[in-house]
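Here is my note for your first look through this entry. Keep the viewer open and follow the points in order.

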Protein chains: 2
Amino acid sequence: MLLRMSTLFLRTLREDPADAEVPSHKLLVRGGFVRRAAPGVYSWLPLGKIVLENVARVVRDEMNAIGAQELLLPALLPREYYESTGRWTDYGDLLFRLTDRKGADYLLGPTHEELFALLVKGEYSSYKDFPVTLYQIQEKYRDEARPRAGILRGREFHMKDSYSFDLDDDGLRRSYAAHRGAYIRIFDRLGVDYRIVSAVSGAMGGSASEEFLATAPTGEDTYVSCTNCDYAANTEAVRTVVPDTAADPSAVPALLELDTPDTPTIQSLVDRLNAMDLGRTYTAADTLKNVVLKVTQPGETKYEVVVVGVPGDRDVDLKRLAESSLAPASVELFEADDWAEHPELVRGYIGPQVLAGIGIRYLADPRVRPGTEWVTGANRRGFHAAHVVAGRDFAIDAQVEAVEVRAGDLCSVCGGELRIDRGIEIGHIFQLGRKYTDAFEVDALGPDGKPVRITMGSYGIGVSRLVAAIVEQSHDDRGIIWPRAVAPADVHVIGTGKADQVEVALRIGEELRARGLRVIVDDRKASPGVKFTDAELLGVPTSVVVGRGLADGVVELRDRAGGERSEVPLDSVVELVAERIAAEG
Amino acid sequence: MLLRMSTLFLRTLREDPADAEVPSHKLLVRGGFVRRAAPGVYSWLPLGKIVLENVARVVRDEMNAIGAQELLLPALLPREYYESTGRWTDYGDLLFRLTDRKGADYLLGPTHEELFALLVKGEYSSYKDFPVTLYQIQEKYRDEARPRAGILRGREFHMKDSYSFDLDDDGLRRSYAAHRGAYIRIFDRLGVDYRIVSAVSGAMGGSASEEFLATAPTGEDTYVSCTNCDYAANTEAVRTVVPDTAADPSAVPALLELDTPDTPTIQSLVDRLNAMDLGRTYTAADTLKNVVLKVTQPGETKYEVVVVGVPGDRDVDLKRLAESSLAPASVELFEADDWAEHPELVRGYIGPQVLAGIGIRYLADPRVRPGTEWVTGANRRGFHAAHVVAGRDFAIDAQVEAVEVRAGDLCSVCGGELRIDRGIEIGHIFQLGRKYTDAFEVDALGPDGKPVRITMGSYGIGVSRLVAAIVEQSHDDRGIIWPRAVAPADVHVIGTGKADQVEVALRIGEELRARGLRVIVDDRKASPGVKFTDAELLGVPTSVVVGRGLADGVVELRDRAGGERSEVPLDSVVELVAERIAAEG
């Protein structure tokens, strides 16, 4: 491959696009890799297409290496399949839905569990056929509420999705482990810095699951990792460890109602309590905050009113609640209209003491466990109650993971302190189990002639997102620094301006190409400054500058990542570059 | 590549699928290349995906060779762009339309003229930037009324679409010629038998255009070709040549009204005329048939009533009329309700004599030209008129190509006789001109500082359809006969059953792979008959059968296309196969 900048369909930009917030978005647009076609929908220009293909090639390579077989399914899918598994409804507004000329409902595939399960059901029937793993690399569609950050979270994006089909749980674990290994090799080859974190499976159904997160301060996902051991998890998946703080409930005085006017906030309540001379000092962590939620099960239109209790020094994390304890229901806060419909709930002064009596379920953070003592609402405007003991004065229907995880929380594995970081989800592996094979009755005839229900795994890599994640991790203020495996070229040869310099640049480019290297030659009529600026923006790992030194028979070699520059004799530059790149590989 | 049938995700079928009418549909499904996901929507299984990629690779190769640059645009496109060019409306029911969560309208791209024109406008601004040709290989969407024949006419299909951008008409002609050459090389390399025919440009807008039709009796397109010269054209594009038959109008008697009850058909009218002793013998070709049409311009809701006159021995071809003379309007026949609304038109007895007086346009076949004499309706129930002379007794507003082309019609180039055949449209090249660049004001600043409006070409290849077209041309009653360039493998090695035969088959396969060949090894526990049947169905060009001859140190070589079989020594089979295949290439 030899691309000439004089004819390449590429115009770099000096200014960041107005809507760009994160470095990858700015640099991929400025470098002419992508262009926006609509919110969350991008076109890949020639260099972007090359980079995207480079990522796809590594993914394909490692998928083939674990025996996965490549297919290509349609994006336009009939409603009926997704109706069978409930995802037509569960996916909510995330799904692009459409109707054909005959009025039949279709969707644009967000992932393809249904179709792959049906394919396997259609082709395979005997236990001898299994296991099998199938994959595709293809456009996916999700109508994100806030498409953001360029191709980091798009509405049309490129994904590798694979599906394993096994006869039993051990087989599923092996398929899962094979994918985990392949993913490690893929992300290592692509030069990504990533963490593998425990995850919850969300709308996909299923059990064990892990995410691969590219570490990046601009990431949308937060994850915790233990400062002491190897534990790492998506915040939604963190299990809370509670230090043993419960007092002997029999030593706690009886519930005491307190007149607490003008205490609309936790802090004002704490100040009032401490001014009351109740024999101890209170902090926000001693108060019990009760949050009223509307919980809607998939496919239902009516919601259930549920109250969640958390310590007053913690905020409720609705996403965590929805994706772990309450999945697959959707969860919303009570709003003005809802309060008006439920006069039995005294806004701002709710305590769990009355909930069982009025038939409302009470879910509590693990810190709110039987025997713990709290100050909470007295269900009467202006009044709170002290000495309210869980299990004595109120019942807990279930413990749920409901609060925001904080740095310093304890590790559920070793008890060490957790830290919180941000990352970009680039891969996700699931042990799905039988949700989809149950829906479609995907069975194999066992050796004994009895049907065996197949168990599935589902594994995704965001191919287009990976391109952005790599740029997030690998850039400086002048541009992108591509790892060689994904770079649009191996070498960027710059003829700085004069005709003879450009001519030599083209000759060097041809010789490098003849050695199997991928080359961009800047043969434009442009100033050396423009060419150097563009080269740094485009981020090809190695540059060769053919400039004034040509008169003395030397050219300059530049390394984009390290910034090193060295003069080398013109007649050995091709050999040297080829050797260095071969040595890297 | 080495695929083992024992693990390949492939189950062949012995029965034709119930909905399959054409050979490619039957064989691609039976051979496990594709599976139907919805009407006109197909999944590509592993061997199908390989074949599809093989076709795409040849296309990509030749596009790159003419300097076209590969991009990848989204399929999900905002309405506004297609609104600007009128295609949001013009495409009618063919367009898949959808709405996002915010209520914004989108479509699934049927072709991408708008987006490419906008991309070029966004990146390029100077005459020095041009010419440029861009392409992509990507899924396209069209909501066909009758998706048929498997992947021959799908609703989601794979297409190569490219677009040229030139400063002037000469440039456009060069870009067009470059594409024409590339298409010839592509279809030659793929082993397709095709014809290049003149075409009309239809809904795409623009001027010169040609279609590449794979010859096939199952094709949906008909084309004419001259039995005497090289002329070939899509039937819509045929220009009618009229033998000079006009009499001297002054020699024709005055219009004569005839009482012709019970003559509902042309034939009954002709019989009646000949029974009337009018001094000559009439044939259907002497009568003038007048067909009433509703013509609706794009974006309009009201139709215009138009009458088309054709010789009584010819049928009106609505598609031809709509795609040539009346494009881009849509054309429908008058129906019962319409007749009721227009009592001034006497159904069955319309003559053009009154049309000018009631403000209805009269369009006529070129055979109905000034000076010709006809028998036609008298605009009075039960009456016809003879000696009706065009230009004397009625006016013609325009000559149109309105009748069905017939074998034996005359060639517009040499006057030879035309023949009619069927084909499958596998490629289409258009000189679009400025329809899209006008809509988006795509200009380049010329050398004189004045803007130059860019002119476009648009060029498509149906990549998935090509797979089917190749099968239509290349199969027998036992299965597919793949040309090597597209075959899922070069060699199909069959171990006929016993363990040692399978082992040798695998060893041969490995050795062939080591020589860079793509190999399928049938290592299944299955009968020789099943394996032979599958090999013929799958259609790999060369087979090696490791069977009973193994004891004597020989294996059998089979050629799928020619059917030749020969025994060769085991220890030279790899060398021999590799040599033969190298010799082909």
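1. **Salt bridges overall.** This is a predicted model. Over all chains, the structure holds 104 salt bridges. Side chains of opposite charge can pair when their charged atoms come close. A few of these pairs deserve a look.

2. **A pair between two loops.** Start in chain B. B:Arg153 and B:Glu220 meet through their side chains in a salt bridge, 2.3 Å from N to O. B:Arg153 sits in the loop between strand S8 (132-141) and strand S9 (156-166) of chain B. B:Glu220 sits in the loop between strand S11 (209-215) and strand S12 (221-226) of chain B. The two residues are 67 apart in sequence, so the bridge ties those parts together.

3. **A buried pair.** Next, find B:Arg367 and B:Asp365. They form a salt bridge, with the closest N and O atoms 2.9 Å apart. Both B:Arg367 and B:Asp365 are buried.

4. **A pair involving a helix.** B:Asp534 and B:Arg524 form a salt bridge through their side chains, at 2.8 Å from N to O. B:Asp534 belongs to helix H13 (residues 528-538) of chain B. B:Arg524 lies in the loop between strand S29 (519-522) and H13 of chain B, and the pair is ten residues apart. B:Asp534 has a relative accessible area of 2%, so it is buried. In chain A, salt bridges with shared partners form one network. Its members are A:Asp476, A:Asp477, A:Arg478, A:Glu536 and A:Arg560.

5. **Where the chains meet.** How many residues does each chain bring to the contact? Chain A gives 53 residues and chain B gives 53 residues. Together the chains bury about 4,700 Å², with 57% of it on carbon and sulfur atoms. On the chain A side, A:Phe9, A:Arg101 and A:Glu123 lose the most area to chain B. Those three make up 17% of what that side buries.

6. Eight salt bridges cross between chain A and chain B. A:Asp129 forms a salt bridge with B:Arg11, and their closest N and O atoms are 2.5 Å apart. There are also 24 residue pairs in polar contact between the two chains. What kinds of residue does chain A present to chain B? The side of chain A that touches chain B has 33 nonpolar, four polar and 16 charged residues.

7. **A:Ser43.** This residue is in strand S3 of chain A. Its relative accessibility is 2%, so A:Ser43 counts as buried. Beyond its sequence neighbours within four places, A:Ser43 touches residues of both chains, including A:Phe33, A:Val34, B:Leu72 and B:Pro74.

8. Six of the eight residues of helix H1 (residues 23-30) of chain A are buried, so the helix is largely enclosed by the rest of the structure. Among them are A:His25, A:Leu27 and A:Leu28. What covers the buried residues of H1(A)? The cover includes strand S2 (34-38), strand S3 (41-44) and helix H11 (463-473) of chain A. After H1(A) comes A:Gly32, which has a positive phi, near 70°.

9. **A:Asp105.** This residue is in strand S7 (residues 105-108) of chain A. A:Asp105 is partly exposed, at 27% relative accessible area. Its side chain makes a polar contact of 2.7 Å with that of A:Arg79. Another, of 3.4 Å, joins the side chains of A:Asp105 and A:Thr99.

10. **A:Asn379.** Look in strand S19 (residues 373-380) of chain A. A:Asn379 is buried, with 17% relative accessible area. Its side chain reaches the backbone nitrogen of A:Gly351 at 2.9 Å.

Notes:
Residues numbered from 1 in each chain as written. Chains lettered and ligands numbered in written order. Predicted model: local features only at pLDDT ≥ 70, side-chain atom pairs only at ≥ 80, totals over all residues. Heavy atoms only, no water. Contact = heavy atoms within 4.5 Å. Buried area = accessible area lost by both parts, 1.4 Å probe. Salt bridge = Lys/Arg side-chain N within 4 Å of Asp/Glu carboxyl O. Polar contact = N/O pair within 3.5 Å; in protein donor to acceptor, adjacent residues only side chain to side chain. Nonpolar A, V, L, I, M, F, W, Y, C, P; charged D, E, K, R; others polar. Helix = DSSP H or I, 4+ residues; strand = E, 2+ residues; numbered from the N terminus. Buried < 20%, exposed > 50% of the residue type's maximum accessible area, 1.4 Å probe, protein only.
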